[in-house]
Amino acid sequence: VTRSVFDPVAQRYDASRPDYPAGLYDAIDRLAGPLRGATVVEVGAGTGKATRALLDRGARVLPVDVGAGMLAQLRAGSPTAPAVQADGTALPVGTGAVDLVAAAQAFHWLPLDRSLPEAIRVLRPGGALALWWNISEADHEPWMRRQSDRFREPPSGYPGQDWSGGSGGFEEPLRATGQVGRVEQVDVRWEWRLPIERYLGYVGSKSAVVRLGAEADAFLVEQRRELAEAFPDGTVVEPFRCSLTVAWPR
Ligand SMILES: C[S@@+](CC[C@H](N)C(=O)[O-])C[C@H]1O[C@@H](n2cnc3c(N)ncnc32)[C@H](O)[C@@H]1O
């Protein structure tokens, strides 16, 4: 594979998806060891949303992604990061070379039976995996229910893992491989606040909405009206849970 389904929307992806909360990186620091000075390979780095935060925290990061369009966007935002177009199942990194393998909103895209042994191969003894996902907790909100009803994803939407953010985090799929020992699961709750117009850009970047084609505009008009009712001051507040799984090889 040498491209990403996200390549055609890389710029919109970068501009409109939420970042990860500071508390997430604090938790990684606390559990996996200090990011400052750590050597990190980041799998499925995409446009570099997490890469930028890891670099800001003083890590030496090698971002890896299959998508040329996503990486072009990453390089524009982080010109000094040595980004490599490669598959997470064949990392361009020596055995035992890194302190941390990180993946933000990405590890479920990879076939775990090959991506996990590969991640373990590149870790130094004592090194850890840190995998995380932003998961919306707005499902019970009326303005979100309309979106979820309309876009309920088919259960096996992902090529790798059939996992969509269960409350136990990624611990269970990892444990099932028999290749990890200690696992720590942390939820960092946070609120995303942004103007309605920017939020509509985010809704418009969801693959389910893109797939509506010509109908997307009508849907977004409907959403704008609902959001204006729910958030009269013009700022959308969406609650999120950032689900972090830190694991050490057996
Ligand atoms: C949802 S995006 C997340 C991007 C970024 N980490 C972020 O937090 O915004 C998932 C990324 O995983 C990448 N990806 C999917 N399969 C991959 C594989 N086998 N090896 C490396 N990257 C892969 C995609 O190209 C995409 O950029």
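Which radius of gyration would a compact globule with 250 residues have, and what does the protein chain have?

**View 1. The whole chain, as a predicted model.** A compact globule with 250 residues would come out near 18 Å, and the protein chain has 18 Å, which agrees. That radius is taken over C-alpha atoms, and the globule rule is 2.2 Å times the number of residues to the power 0.38. Along the principal axes, the C-alpha atoms fill a box of roughly 55 × 35 × 35 Å. You'll find 10 helices and seven strands here, counted as DSSP runs (H or I, at least four residues, for helices; E, at least two, for strands) and numbered from the N terminus.

A note on reading these views: residues are numbered from 1 along each chain as its sequence is written, and side-chain values use heavy atoms, with hydrogens and water left out. Since this is a predicted model, local features need pLDDT of at least 70 and side-chain atom pairs count only at pLDDT 80 or more, while totals for chains, interfaces and linings use all residues.

View 2. Of the 250 residues, 50% count as buried, meaning under 20% relative accessible area (1.4 Å probe, protein chains only). The chain exposes about 11700 Å², with carbon and sulfur atoms supplying 51% of it; such areas come from the Shrake-Rupley method with a 1.4 Å probe. Take the contacts (heavy atoms within 4.5 Å) with a separation of 6 or more: residues 24 or more positions apart account for 74% of them.

View 3. The ligand is surrounded by 19 residues, and the closest are S4, Y20, G44, D65 and A104.

View 4. The side chain of Y20 puts an N or O atom 2.5 Å from a ligand oxygen, and a polar side-chain atom of D65 sits 2.6 Å from an oxygen atom of the ligand. For D87, a side-chain N or O atom is 3.1 Å from a ligand nitrogen. On its own the ligand has 590 Å² of accessible area, and the protein covers 94% of that.

**View 5. A look at V188.** This residue lies in strand β6 (residues 180–195). V188 counts as buried because its relative accessibility is 13%. Leaving out residues up to four places away in sequence, V188 touches P21, G23, L24, F240, R241 and C242.

Key
A residue is near a molecule or strand if one of its heavy atoms lies within 4 Å of it. A polar contact is a pair of N or O atoms within 3.5 Å; within protein, one must be able to donate a hydrogen and the other to accept it, and residues adjacent in sequence count only if both atoms are side-chain atoms.
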